[in-house]
Amino acid sequence: MSQKSLSLSIKIHAQRILAIMLLLSAPAHAEENDTTLEEDLIKSNIYISRFFDSMANGLDLFLAGQQYTDKPNTTSAIFETSAYYNSLTGLKNDVSLDFNLRLPNVEEYWQVTFTSYDQTAERGVSQEYLRSGPRERNYGATLGFFKQLGNVRTSFQPRVSFAGAFKISHTLSFESIVEKTKSYRVNPKFQFYADADKGPGMFQALNFNFNLSRFYSLTFVNEGDYVDRVATYTVTNGVALGQWFSKTANISYNFFVTSTNRPNYQLYAYNFSAAFSQILYRNVLDYQIQPNIDFSQAHNFVRNPGVNFHLYVRF
């Protein structure tokens, strides 16, 4: 990508962000109902959310035949737009939709999710902290079965994807949160998966979280992912220091080291980042900005600074 086209892409994305901010903050001229653009945005979000809830309730009662539970329907949709920039590969944009359909009367632990990407494949810090590129397009539906076994939350999630051809994958997860004290907890997780493209594999994590104070927390991350088809084992270790400025704004200072066993067990990459997150309107609009510096074997450990931006619209 040329410097001119890169500057143009950044300018266009900045203009989009500015337009959204202006839409949220600037009052409109008085109209018949005398409302601002901000109020119109919130009302529109409520109308769309009610439409999803009404559709889900109608489908739920149609399939169940009658009402068996008074539990509220938590059907939701999340629209995400993202931009990823680093000095070595340039700028990339991504848009995704996550539609979470809940049917409480059909089955208490049954959940259907329609997404433009495979949620079950997003495991570990590679997605939660270090996602540095657009998601792979994988339109499909996931059927989830969830069960609480003592302190262990168990889930089985088969997924059918429609990306070019029908593909089926399966995920079996076991996760628990053990709180030793109010300021210390351990989060073990095991996940067995069978992917149509990558074959079977196993993911495991053992994370430790410390609440240092009302505003600070410290998390130690230890995880590994083994893919059987290519006999590759990838290990990630790191630390994340979280700081809360308010109930709606926080920043996370992160450092992660990634190692792999191919061609022999060795350092593959390490990354420094700081992720600032803010909720503009709860359950409506929030965003995250993440400047980072990456050193990877793929680029001969050359310093690769960049910045990621995520904007979430929730219904």
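Reader: Which residues make a nonpolar surface patch here?

Author: This is a predicted model, and what follows is computed from it. Tyr-139, Val-160, Phe-162, Phe-166 and Ile-168 make a nonpolar surface patch of about 540 Å². One of these residues, Phe-166, sits in the loop between strand 5 (152-161) and strand 6 (167-176).

Reader: Is Phe-166 buried or exposed?

Author: The call rests on relative accessible area: buried means under 20%, exposed means over 50%, and partly exposed is in between. Phe-166 has a relative accessible area of 66%, so Phe-166 counts as exposed.

Reader: Where do nonpolar side chains tend to be in soluble globular proteins?

Author: In soluble globular proteins, nonpolar side chains tend to be buried together. In this model the largest nonpolar core has six residues: Phe-52, Ala-56, Ala-77, Phe-99, Leu-101 and Leu-103. Helix 2 (37-64) and strand 2 (90-102) each supply at least two residues of this core. There is also a second, separate core of five residues, among them Leu-285, Tyr-287, Phe-309 and Leu-311.

Reader: How many helices and strands does the protein chain have?

Author: The protein chain has three helices and 15 strands. To see how parts of the chain meet, look at the contacts with a separation of 6 or more: residues 24 or more positions apart account for 43% of them.

Reader: What describes a pair of aromatic rings?

Author: Two values do: the distance of the centres and the angle of the planes. The count in this model comes to nine aromatic pairs. One of them, formed by Tyr-270 and Phe-301, is stacked, with 6.4 Å centre to centre and 20 degrees between the planes. Tyr-270 lies in strand 13 (residues 266-281) and Phe-301 in the loop between strand 14 (285-296) and strand 15 (304-314), so the pair ties together parts that are 31 residues apart in sequence.

Reader: What are the relative accessibilities of Tyr-270 and Phe-301?

Author: Tyr-270 is at 25% and counts as partly exposed. Phe-301 is at 31% and is partly exposed. Both residues belong to an aromatic cluster formed by Phe-255, Tyr-270, Phe-272, Phe-295 and Phe-301.

Reader: Now the charged side chains. How many salt bridges are there?

Author: A salt bridge needs a side-chain nitrogen of Lys or Arg within 4 Å of a carboxyl oxygen of Asp or Glu. The count comes to one salt bridge. The side chains of Asp-286 and Arg-314 meet in it, at 2.7 Å from N to O. Asp-286 is in strand 14 and Arg-314 in strand 15, 28 residues apart, and the pair links distant parts of the chain. Asp-286, at 12% relative accessibility, counts as buried, whereas Arg-314, at 26%, is partly exposed.

Reader: Which residues does Gln-278 touch, leaving out those up to four places away in sequence?

Author: Gln-278 touches Thr-248, Ala-249, Asp-286 and Tyr-287. Asp-286 is the residue from the salt bridge, and Tyr-287 is in the second core. Gln-278 itself lies in strand 13 and is partly exposed, with a relative accessible area of 25%. The C-alpha atoms of Gln-278 and Gln-288 are separated by 6.5 Å, and these two residues are ten residues apart along the chain.

Reader: What about the backbone? Which peptide bond is cis?

Author: The bond from Arg-262 to Pro-263 is cis, with omega near 0 degrees. Pro-263 is found in the loop between strand 12 (249-260) and strand 13.

Reader: And what is phi of Ala-231 and of Asn-300?

Author: Phi of Ala-231 is near 50 degrees, a positive value in a residue other than glycine. Asn-300 also has a positive phi, near 55 degrees. Ala-231 lies in the loop between strand 10 (216-227) and strand 11 (232-244), and is partly exposed at 24%. Asn-300 lies in the loop between strand 14 and strand 15, and counts as exposed at 67% relative accessibility.

Definitions and conventions. Residues are numbered from 1 along each chain as its sequence is written. This is a predicted model: local features need pLDDT of at least 70, side-chain atom pairs count only at pLDDT 80 or more; totals for chains, interfaces and linings use all residues. Side-chain values use heavy atoms; hydrogens and water are left out. Helices (H or I, at least four residues) and strands (E, at least two) are DSSP runs, numbered from the N terminus. Contact means heavy atoms within 4.5 Å. Rings of Phe, Tyr and Trp (its six-membered ring) pair if their centres lie within 6.5 Å; planes under 30 degrees apart count as stacked, over 60 as edge-to-face and the rest as tilted. Buried means under 20% relative accessible area, exposed over 50%, partly exposed in between (1.4 Å probe, protein chains only). Patches are made of residues with over 30% relative accessible area and no salt bridge: like charges are joined within 9 Å, nonpolar side chains (Val, Leu, Ile, Met, Phe, Trp, Tyr) within 5 Å. Accessible areas come from the Shrake-Rupley method with a 1.4 Å probe; for residues, only the protein chains shown count as cover. A nonpolar core is a set of buried Ala, Val, Leu, Ile, Met, Phe, Trp, Tyr and Cys residues joined through side-chain atoms within 4.5 Å.
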